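I opened the model and went through it residue by residue. These are my notes, in the order I made them.

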Amino acid sequence: MADSGPEAERRGRALIGVVAASALAYPLVVCAVQLGFAQVLTVDVAVIVVWLTVAVLCSMAVVAVLRWGAALPVRSPWLLLGLAPPALYELWLLWPRLAS
């Protein structure tokens, strides 16, 4: 007899959330590599901003999918607060380019 009811639905939702979040891992790696090239080899502010935006969107999507899978509300002020350290680090890296 197949599982039915809220427990099976919750387990299926959690598995779908994990699979969807793991599918976003590759785009995050691509963003990290592209950011490394854009910041080290050829400093191009426009390309850095584009890849940073894509990385932030992928990161937020991972968190949203995992929270959806756990049946938790997606909106969280901690999610936005967690973006502050990487944003400050990127600003610190770009500051010489922006100041000149």
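**Glycine 17**

I looked up glycine 17 first. At 1% relative accessibility, glycine 17 counts as buried. Buried means under 20% relative accessible area, exposed over 50%, and partly exposed in between, with a 1.4 Å probe and protein chains only. Glycine 17 lies in helix 1. Helices here are DSSP runs of H or I with at least four residues, strands are runs of E with at least two, and both are numbered from the N terminus.

I then listed the neighbours. Leaving out residues up to four places away in sequence, glycine 17 touches Val65, Leu66, Trp68 and Gly69. Contact means heavy atoms within 4.5 Å.

**Ground rules**

I noted that this is a predicted model, where local features need pLDDT of at least 70, side-chain atom pairs count only at pLDDT 80 or more, and totals for chains, interfaces and linings use all residues. Residues are numbered from 1 along each chain as its sequence is written, and side-chain values use heavy atoms, with hydrogens and water left out.

**Whole chain**

I counted 5 helices and 0 strands. Along the sequence the pattern reads α-α-α-α-α. Of the 100 residues, 14% count as buried. Among contacts between residues at least 6 apart in sequence, 63% join residues at least 24 apart.

**Salt bridge**

I found 1 salt bridge in the structure. The term needs a side-chain nitrogen of Lys or Arg within 4 Å of a carboxyl oxygen of Asp or Glu. Arginine 10 and glutamate 7 form the pair, at 2.6 Å from N to O. They sit 3 residues apart in helix 1 (residues 6-23), so about one helical turn separates them. Glutamate 7 is partly exposed, because its relative accessibility is 42%.

**Helix 3 against helix 5**

I checked how helix 3 (residues 45-69) meets helix 5 (residues 84-99). Their axes come within 11 Å and cross at roughly 160 degrees. Axes are lines fitted to C-alpha atoms, for helices over the stretch in contact, and angles run from 0 to 180 degrees between N-to-C directions. Helix 3 and helix 5 are therefore roughly antiparallel. That label takes angles over 145 degrees.

Val45, Ile48 and Leu52 of helix 3 meet Glu90, Leu94, Arg97 and Leu98 of helix 5. The contact has 5 nonpolar, no polar and 2 charged residues. Ala, Val, Leu, Ile, Met, Phe, Trp, Tyr, Cys and Pro count as nonpolar, Asp, Glu, Lys and Arg as charged, and the others, Gly among them, as polar.

How values were computed
Parallel < 35°, antiparallel > 145°, perpendicular 65-115°, else oblique.
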